[in-house]
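User: Could you walk me through this model? I'd like to begin with one of the helices and go on from there.

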Amino acid sequence: MTTQTPSLPTADATAEIVTAFEDNRLATLLFGQHDQNLAFIERKLGIEATARGNHVALRGARDSVEQAKRVLESLYQRLRSGQQIVLGDVDGALRMAGSQGVLFTPEGKPKVAPTGGAASVGTRKKTIAARTLAQDAYIRALQKHELVFATGPAGTGKTYLAVAHAAALIEKGEADRLILSRPAVEAGERLGFLPGDMREKVDPYLRPLYDALYDMMPPERVERGLTSGMIEVAPLAFMRGRTLANSVVLLDEAQNCTSMQMKMFLTRLGEGSRMIITGDPTQIDLPPGQKSGLIEAIDLLKDIPEIAICRFNAADVVRHELVAKIVRAYEARDSSKPSGEAKS
């Protein structure tokens, strides 16, 4: 619980709030090593944050001080529930607090945030809370819909959250199998010339999915699942001719699917299954003139209410701050090209 002194406006329209956190140990974790979390909040909001024991004094523009208070209180509640926080969680909490309770539906329409704050996904190893409004809408769409498309640049959490949601469904017994897939576009017909068995041949193209999976589940659990077939990581070509029932199926890098491949994949959906399809339409590696199945599918299916389409942009990048700037630079370059000119 927290206590605070009344806001004290000064001549230059600043305010001060002093907040106390009951648990000294959690307060230390909240402030961060050498108060790095407070320093991050100071830099982002342009305020002063001074810690003394389990108290922190916040000084600056009234709106910014109130936002900092909301951020610290939300992070403290996470710590009280047994979760850990890292600097990325502080950044995410700042973004969510800045929304002042306004979130969006998967279709992009504004709505009032429900009680309980940002949406989250809980796995055996960790709980991942939404760090942006788009992530919040995405998590809620995953929880509600059987088929979800997510598009946007790298670093927005599309694949990571999809794997987290899939792992959570497996652990709760809501799905019997977890199937992760990607089109191995770079390999093409040369796949047969790579050394090793089929799993070793395609592993380089599926490694990001493995990395996310090991981050969500204990390694021994993943290995047992791969051995038993409960977890399957396979290239898209392996999906042909199958009906995937009682499964959660994730297709990543879907911008590199052809129209026929996407239709084939979508029609694999069986009874009791869920599908998640992610991709970045600006990073298509298909041969020139080949239409992306992802772009076509979204256009064809956008009016079906049972299907959710979630879109991310550069503002939703949750990696290093420089990644968001890089994405914006490329977006600006692409938007300035003539409409007929191909984008890379």
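User: Which residues of α3 are buried?

Analyst: In α3, the buried residues are Ser64, Val65, Gln67, Ala68, Lys69, Val71, Leu72, Leu75, Tyr76, Arg78 and Leu79, where buried means under 20% relative accessible area, exposed over 50%, and partly exposed in between (1.4 Å probe, protein chains only). This is a predicted model, in which local features need pLDDT of at least 70 and side-chain atom pairs count only at pLDDT 80 or more, while totals for chains, interfaces and linings use all residues. Residues are numbered from 1 along each chain as its sequence is written, and side-chain values use heavy atoms, with hydrogens and water left out.

User: What span should α3 have, and how far apart are its ends?

Analyst: Helix α3 covers residues 62-80, and at 1.5 Å a residue its 19 residues should span 27 Å, which agrees with the 27 Å between its end C-alpha atoms; the expected span is 1.5 Å times one less than the number of residues. Just after α3, glycine 82 takes a positive phi of about 100°.

User: And α6, is it mostly covered or exposed?

Analyst: Mostly covered, since 12 of the 14 residues of α6 are buried, among them Lys158, Thr159 and His165. Glycine 173, which follows α6, also has a positive phi, near 75°.

User: Switching topic, where is aspartate 280, and what does it touch?

Analyst: Aspartate 280 is in the loop between β13 (274-279) and α10 (293-301). Leaving aside residues up to four places away in sequence, aspartate 280 touches Gly152, Pro153, Ala154 and Gln255, a contact being heavy atoms within 4.5 Å.

User: Which side chain of opposite charge is nearest to aspartate 280?

Analyst: That is lysine 158, 5.9 Å away, and aspartate 280 is buried yet has no salt bridge, a term that requires a side-chain nitrogen of Lys or Arg within 4 Å of a carboxyl oxygen of Asp or Glu. The side chain of aspartate 280 does make a polar contact with the side chain of threonine 282, at 2.8 Å; a polar contact is a pair of N or O atoms within 3.5 Å, and within protein one must be able to donate a hydrogen and the other to accept it, with residues adjacent in sequence counting only if both atoms are side-chain atoms.

User: Where is confidence lowest and highest?

Analyst: By pLDDT, the predictor's confidence in each residue from 0 to 100, confidence is lowest in strand β5 (residues 102-104), at a mean of 40, and highest in strand β9 (residues 147-151), at 96. Over residues 100-116 the pLDDT is below 50, and this stretch has 30 contacts in the model beyond near neighbours in sequence.

Technical notes:
Helices (H or I, at least four residues) and strands (E, at least two) are DSSP runs, numbered from the N terminus. Lys and Arg count as positive and Asp and Glu as negative; His and the chain ends are not counted.
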